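Let us walk through a protein model together, one step at a time. Keep the sequence and the picture side by side as you read.

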Amino acid sequence: MSQIEWITYIAASAFYAVSAAIYVFSVVFKKEHWLKYGATCAIFGLVPHSIALLARWIESGHGPYYSMYEVFSSYAWVSVVLFLLSIIRTNKTRFAGLVVMPVSFILMGLGFNVSMEISTVPPSLNSFWLVAHVGFAKLGFGSILIATGMSVLHLLKEREPVRYREFFERFPPIRIMDDLSYQFVAVGFIFLTIMVAAGAIWADQTWGRYWGWDPIEIWSLISWLVYGVYLHLRMNVGWGGKRAAWLMVFNMVILIFSLFATGIVYDGLHSAYMT
Amino acid sequence: MWKNISIFFKSKQLALFLIILLILIAFIGSIVPQRHTYTPVHFESLMEYNPWLVASDNIGLTNIFSSWMFFVTVIILLFNSAFCTYGMLRLAIRRFGADPVFKGKDPILASQNRAQISTSKRSEESLSQVESTLRSKRYRTSRNKNRIYSEKNRLGVFGVAFFHLCIILVFVAVLYGGAGRMEGKMQIVEGQMLLAQEENYGYLHKPPLFKIPPQDFGIYFEKFNPNYIKSDGTLMGAASKLLIVENETVTTSGFVYSNRQISYNGIKFYQADYGFAPLLLLKNSAGDVLSGSYMPSFYDGDGGYVSQFTPTDTKWYSTATLYPSDVPQSSEFGADVPHNPKIQLTVFEGENELYNGTLVLNESVSIGNVSLGFYDLKYASVISLVSDKGTPILFAGFWLSVASLFTMYFMIPRRIWVEVLRNGNGTFVYIGGKTDRFRSSFEDEFLKIVEEIGEVVKDESD
């Protein structure tokens with residue numbers, strides 16, 4: 001790991017920590033105007049974070065997807081980028097930083113606790129479809145993290161303790177948060193579908209089979225299906241509101257397990273990078 | 001009867017139940033060790049110490065993805081999807097074919113979003129201005145007297161049905177591909193030619209429903225490259241050059257390595273594994289070869305390449321572990337390059353150990369009145385031959401699903417109704433809007449449109 005990567009990674013983590021703290025304190029101390037400082041800190045963190053990833057890419061000669069450190073770092077980067085882009089598109093998602101920024105900071109922190117050594121990518125991973133597979137996994141996670149953020153805010157607002165009423169009134173109306181969560185899940189679901197498709201093509205090219213019921217494949221199918229159930233419930237059964245928000249939180253646990261834990265828990269295709 | 005079947009299979013609750021059941025089956029498959037992920041010997045050893053695994057095995061949970069429970073769930077889900085899709089398609093076609101006109105009892109009152117603007121302008125002028133505003137927002141409009149109907153993304157009504165059709169396509173591709181899938185593995189030594197006939201396969205999975213068409217080609221393993229480098233300079237590791245020969249003509253050829261296969265006649269050729277093939281010969285005291293051949297040997301995970309063999313006309317049983325090189329290898333992902341190779345050889349006759357020692361190249365050992373020697377070393381590969389006609393359909397289904405999801409979520413039908421009414425207090429523009437999905441983003445657009453209409457129809461005196 002180069003010195004520039006190390007320094008910029010620390011700087012990015014520090015900015016994300018401050019950003020996460022601002023988001024949390026803005027809720028605790030009912031200071032809505034602090035939110036913009038949270039977003040500013042996220043931007044300040046994104047710059048060194050991008051440099052750290054770029055430095056890593058140049059030094060290792062491959063994208064940030066092979067070691068666990070690269071996985072944590074790149075997931076955090078994509079989540080922050082998508083969050084900031086979502087704010088540009090609709091200011092209503094700025095409250096989702098309450099979830100996105102702490103999660104991104106935790107991912108960065110986890111990066112410190114695993115090996116940061118550069119590993120050589122084996123030839124079997126040298127494929128366009130693998131890049132598409134991991135890229136869309138990150139995009140899917142980022143989109144769904146924002147959706148989960150909106151769902152968590154939704155649940156907080158539903159509870160609305162009297163002393164926080166004034167603050168929660170500044171949140172977007174519940175139906176808008178509910179709808180935004182739905183929109184981000186829909187986008188995330190498209191990304192997850194592309195992830196599964198690209199992974200199947202890569203597996204077919206490498207092993208002559210597109211699906212092998214490997215634990216990671218099973219869990220990616222489970223993740224895809226649980227979000228399919230969510231969308232089905234919303235579109236066809238009329239789910240929404242609190243129930244849908246709780247389902248989002250539950251589904252996020254499954255997605256996190258699927259993306260980050262299966263390679264550790266199971267001995268399978270993705271174990272190689274979970275070091 | 002048909003009606004009841006139709007109602008049962010069209011049920012959205014059934015779809016939900018089946019998807020959740022599929023999730024549960026998948027979950028069980030992820031926590032109960034599955035037979036297909038272990039060798040039979042390894043799996044049996046797992047069962048020795050795990051009574052829960054034995055119990056799971058007895059009720060079929062260790063082969064859950066080949067179980068009747070899984071197949072029945074998938075088949076019912078396929079029927080359910082087909083019935084639902086039929087209903088969705090009918091509805092979508094009806095909506096798509098409907099006249100784009102302002103009709104119905106009071107669509108504005110029934111809309112999700114409504115607005116009212118007053119103006120002193122004449123009705124005709126207001127209607128023209130409203131229409132041009134809607135058109136500028138890419139809405140297609142139709143006017144009937146004092147009413148305007150406008151819509152955009154009409155094609156989006158097919159989104160949900162299109163997605164479900166794609167899911168059916170994926171199901172069908174998996175079933176069709178699975179029913180006709182052929183997969184075989186051949187161990188082949190550098191310089192060897194093997195015909196694609198059943199006896200030459202080390203492992204062969206025949207298609208359960210279809211016959212394999214006669215295969216008259218042969219596979220010639222021309223050479224092995226332990227460190228193959230692509231033309232762009234990328235190191236791809238171990239690669240085998242194959243020639244597919246039919247009627248003494250080379251029909252196709254090329255290197256196979258990680259992520260690259262060659263294909264011929266609907267069959268893809270992969271390099272599944274690679275190793276070495278030492279030539280072990282049994283000779284008599286006069287030096288005549290009694291038996292022997294190149295013995296394909298594959299990595300044992302501990303630096304050696306193992307093969308087991310029984311020389312013909314003997315009751316011997318032998319294990320040879322080849323150590324191809326005594327120098328460190330330069331490439332992390334390439335194959336070992338032979339350098340002073342040696343073989344750790346054990347020979348048994350029944351319970352008696354006849355020999356246990358090491359041979360270097362061109363060395364032999366006398367056992368009784370014969371000698372066993374190590375005379376040559378070549379590379380060996382395991383070539384996997386796969387034919388699955390469902391794969392291209394499956395991938396087409398995947399990408400069409402992605403396209404259909406885009407249609408579902410980015411081409412959402414939106415409709416706006418406008419009615420201009422004049423009464424004693426002036427002219428009023430009533431606006432109503434509806435979207436199929438994502439009300440909040442439509443709400444933003446609706447508010448902008450109302451604002452713009454308000455601007456254009458406002459009194460000039462203001």
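A residue is called buried when its relative accessible area is under 20%, exposed when it is over 50%, and partly exposed in between, using a 1.4 Å probe and protein chains only. By that rule Ser86(A), with a relative accessible area of 5%, is buried. Before we go on, two notes on reading the model. This is a predicted model, in which local features need pLDDT of at least 70 and side-chain atom pairs count only at pLDDT 80 or more, while totals for chains, interfaces and linings use all residues. Residues are numbered from 1 along each chain as its sequence is written, chains are lettered from A and ligands numbered from 1 in the order in which they are written, and side-chain values use heavy atoms, with hydrogens and water left out.

Back to Ser86(A), which sits in helix H3 (residues 68-89) of chain A. Helices here are DSSP runs of H or I with at least four residues, strands are runs of E with at least two, and both are numbered from the N terminus. Leaving aside residues up to four places away in sequence, Ser86(A) touches Thr93(A), Ile146(A) and Phe184(A), where contact means heavy atoms within 4.5 Å. Ser143(A) is 57 residues apart from Ser86(A) along the chain, and their C-alpha atoms are separated by 9.2 Å.

Now find Ala198(A) in helix H7 of chain A. Its relative accessibility is 0%, so Ala198(A) counts as buried. Setting aside residues up to four places away in sequence, its contacts are Trp129(A), Ala132(A) and His133(A).

Next, look at how chain A is divided. Its domain assignment gives domain 1 (1-117) and domain 2 (122-275); such bounds come from an automatic or database domain assignment. The centres of the two domains, taken over C-alpha atoms, are 19 Å apart. Domain 1 of chain A brings 32 residues to the contact and domain 2 of chain A brings 33 residues.

What about the interior? A nonpolar core is a set of buried Ala, Val, Leu, Ile, Met, Phe, Trp, Tyr and Cys residues joined through side-chain atoms within 4.5 Å. The largest one has 112 residues, and those with the most contacts inside it are Phe83(A), Phe141(A), Tyr227(A), Phe260(A) and Tyr409(B). Helix H7 (residues 174-207) of chain A gives the most to this core, 13 residues. Domain 1 and domain 2 of chain A both give residues to the core, so it lies between them. Apart from it lies another core, of 42 residues, including Ile188(B) and Phe269(B).

Let us turn to chain B and two exposed loop residues. Lys145(B) is in the loop between strand E2 (140-144) and strand E3 (147-152) of chain B, and at 73% relative accessibility Lys145(B) counts as exposed. Asn362(B) is in the loop between strand E17 (352-360) and strand E18 (363-367) of chain B, and at 55% relative accessibility Asn362(B) counts as exposed.
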